[in-house]
Amino acid sequence: MTRPDGALPRLVVVYGGAATDHSPLRLSEAASGVCSLVWVVAPHDGPEDRATSRFIARLGDTVDVDGMSTVDAAAAIRRLGPGGIVCYTDKHLGWTAVLAELLGLPFFSPATADRLTDKLAQRTALRDHGLPTPRFWDVDGLGAEDAVRSVIDGGFPLVLKPRRGTSSQDTERIDSAARLSAVIAACAPGRMLLEGYIPDPRTPPTGEGSAPYVSVEILVSRGVVSTLGITGRTPLAPPFRETGFLFPADVPPALAAELTDAAVRAATALGVETGVLHVELKCTDDGPVVIEVNGRPGGAGVHYLLRRSLDIDTVQLAMRVALGESVRLDDLAAPEGVVFRLDVQPDADLRSITAVDGLDEALEIVGVEQVIPGVGPGDDVSWRRGTLGYAAAVLGTAPDHAAAARIRDEVLARIVITGEYEGDR
Amino acid sequence: MPAITDTIRDVLNSSARLAVDSTTLGDDDNLYQQGLTSHAVVNVLMGLEDAFDVELPDALLRRETFESVSSLQAALATCGVTDETHGDAS
């Protein structure tokens with residue numbers, strides 16, 4: 001994919017910031033030998049991360065679009081002759097899609113980007129294409145008493161989630177009419193989606209120690225879909241925080257085929273023709289139900305699993321297809337053993353951390369290869385941070401799923417989180 | 001004057017968010033295994049460059065450079081930072 005002058009093609013990476021994106025170092029490594037990166041820091045509403053900005057400036061060309069209109073930003077980027085564009089954060093997919101359209105580069109169309117980031121638009125598209133979905137409502141439409149009554153008549157539990165959000169942040173289970181009325185009254189306009197809870201299967205089809213939901217990692221290159229693998233999950237921490245990823249998922253072949261088929265149908269329904277997708281699905285008695293489709297590779301956890309297990313770099317794959325390369329990955333070798341990432345979550349009622357003990361002891365467990373501290377002493381915590389509020393991430397490998405489950409038990413026994421609860425203050 | 005490796009450990013303790021105190025680690029122990037993330041590398045780099053008043057060559061801005069206290073020491077040596085020059089700077 002070199003240019004006529006022998007140089008590597010230039011790829012625009014719309015960078016979302018250290019809090020939500022892959023690290024600049026990882027992106028730079030993924031680009032090695034594939035392209036040279038043109039860094040565009042997406043318009044953001046948080047404080048500037050000067051250290052990251054300085055670091056990025058040493059990794060490639062940068063375009064400062066601060067204060068520019070999207071049209072002006074496109075003009076500034078065009079001068080550098082980009083051959084493709086990528087974005088790895090949900091929050092900036094829409095802006096990147098508009099930019100790509102202005103630059104004439106392959107990416108999601110703005111309409112598809114909207115369906116990939118607005119859960120209401122996504123649910124609507126999936127339903128319209130015949131995929132099974134839970135009942136869902138735009139909370140803005142639930143102002144009238146009879147509208148709320150019809151929701152209540154359909155039964156509980158319900159799930160309230162931001163229309164645009166990641167990592168289960170601010171996602172809450174609703175079990176009563178009183179709570180429903182309270183959250184509807186408190187919701188800011190245009191922000192929240194209400195869904196029926198996707199029912200748990202009577203007999204979980206995933207193996208012991210696995211939750212009944214998975215993600216399917218897929219690659220779409222010029223409309224051709226390759227399945228990279230299926231990632232399993234350990235049981236959620238309340239209300240909807242993820243506690244661990246297992247690759248491959250512990251699912252029988254017939255179910256794996258169903259899950260893959262549903263993920264591909266979902267990608268088609270949303271109009272995806274290129275990119276790497278992370279599609280989350282729940283296994284129910286009536287078959288797989290899409291939880292959500294993400295228009296980017298899975299985050300750091302899934303990236304690690306596929307790289308460690310199959311030597312596949314999903315970040316790099318997204319770069320290659322963005323540059324127009326036709327990539328098809330069929331008949332991937334079956335992974336040996338199980339690679340895991342376990343996220344140790346604080347209790348949902350904990351409000352601040354005083355100690356996280358046992359991190360060094362967790363590192364001594366056979367199979368554990370890495371322990372990454374998360375929130376620590378002095379940090380305030382809340383379930384509203386979702387999965388990102390973990391106290392430790394523990395990564396490693398096991399010979400099989402049963403061994404991975406035993407390691408998880410041991411990790412949870414060794415890492416002890418203490419702190420103050422709501423009533424303690 | 002502290003040895004280079006002592007200053008490296010000070011920087012790691014203040015900016016790397018490792019699972020353990022870096023003074024308990026050997027020079028060749030793998031820092032990623034102890035919790036160093038590629039995000040935290042940014043702060044480690046800035047901390048080292050401030051502490052030693054150097055700028056590492058851009059070609060060294062890769063994962064391997066930050067793998068251990070030894071690899072960081074080797075990277076600093078390319079900028080002329082040795083225990084002798086580190087002492088002279090004081």
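Where in chain A is the place of A:Asp313? A:Asp313 sits in the loop between helix 10 (300-310) and helix 11 (314-322) of chain A. This is a predicted model. Chain A is divided into four parts: domain 1 (10-107), domain 2 (135-196), domain 3 (200-336) and domain 4 (338-425).

**A:Asp313 and its surroundings**

- A:Asp313 counts as partly exposed, because 18 other C-beta atoms lie within 10 Å.
- Leaving out residues up to four places away in sequence, A:Asp313 touches A:Ala30 and A:Arg307.
- A:Pro297 is 16 residues from A:Asp313 in sequence. In space, the two are 9.6 Å apart, C-alpha to C-alpha.
- Helix 11 of chain A, on one side of this loop, lies across strand 9 (213-221), strand 10 (224-233) and strand 12 (275-284) of chain A. Helix 11 runs at about 125° to strand 12 of chain A.

**Helix 2 of chain A**

- Which residues of helix 2 (residues 50-57) of chain A are buried? They are A:Thr52, A:Phe55 and A:Ile56.
- These residues are on the same side of helix 2 of chain A, because they cover an arc of only 100° around the axis.
- An α-helix has 3.6 residues a turn, so residues three or four places apart point the same way.
- The cover over these buried residues includes strand 1 (10-15), helix 1 (24-31), strand 2 (36-41) and strand 3 (61-63) of chain A. Helix 2 (40-52) of chain B is also part of the cover.

**The four-strand sheet**

- One open sheet in chain A has four strands in the order 5-8-6-7, with antiparallel pairing.
- Strand 5 (136-138) and strand 7 (172-174) of chain A are the edge strands, and each pairs on one side only.
- From one strand to the next, the twist averages 25°.
- Strand 6 (residues 158-162) and strand 8 (residues 192-196) of chain A run antiparallel and are joined by five bridges. A:Lys161 has A:Leu193 in strand 8 as its bridge partner.

**The eight-strand sheet**

- Another open sheet in chain A has eight strands, ordered 13-12-9-10-11-14-17-16, with antiparallel pairing.
- Its edge strands are strand 13 (287-294) and strand 16 of chain A.
- Neighbouring strands here are turned by 25° against each other on average, direction ignored.
- Four bridges pair strand 11 (residues 244-247) with strand 14 (residues 338-344) of chain A in the antiparallel sense. A:Gly244 stands opposite A:Leu342 in strand 14.

**Domains 2 and 3 of chain A**

- The centres of domain 2 and domain 3 of chain A, taken over C-alpha atoms, are separated by 27 Å.
- Four residues of domain 2 are in contact with four residues of domain 3.
- On the domain 2 side, the touching residues are two polar and two charged, with no nonpolar residues.

**Chain A against chain B**

- How many residues does the contact take from each chain? Chain A gives 19 residues and chain B gives 18 residues.
- On the chain A side, helix 1, helix 2, helix 12 (359-362) and strand 16 (368-373) each give two or more residues.
- Strand 16 of chain A gives the most, with five residues.
- The chain A side divides into eleven nonpolar, three polar and five charged residues.

Technical notes:
Residues are numbered from 1 along each chain as its sequence is written. Chains are lettered from A and ligands numbered from 1 in the order in which they are written. This is a predicted model: local features need pLDDT of at least 70, side-chain atom pairs count only at pLDDT 80 or more; totals for chains, interfaces and linings use all residues. A residue is buried if 20 or more other C-beta atoms lie within 10 Å of its own, exposed if 12 or fewer, and partly exposed in between; C-beta atoms are placed from the backbone. Two residues are in contact if their C-beta atoms, placed from the backbone, lie within 7 Å. The arc is that of the directions from the helix axis to the C-beta atoms. Ala, Val, Leu, Ile, Met, Phe, Trp, Tyr, Cys and Pro count as nonpolar, Asp, Glu, Lys and Arg as charged, and the others, Gly among them, as polar. Two strands pair if DSSP finds at least two bridges between them. Axes are lines fitted to C-alpha atoms, for helices over the stretch in contact, and angles run from 0 to 180 degrees between N-to-C directions. Domain bounds come from an automatic or database domain assignment.
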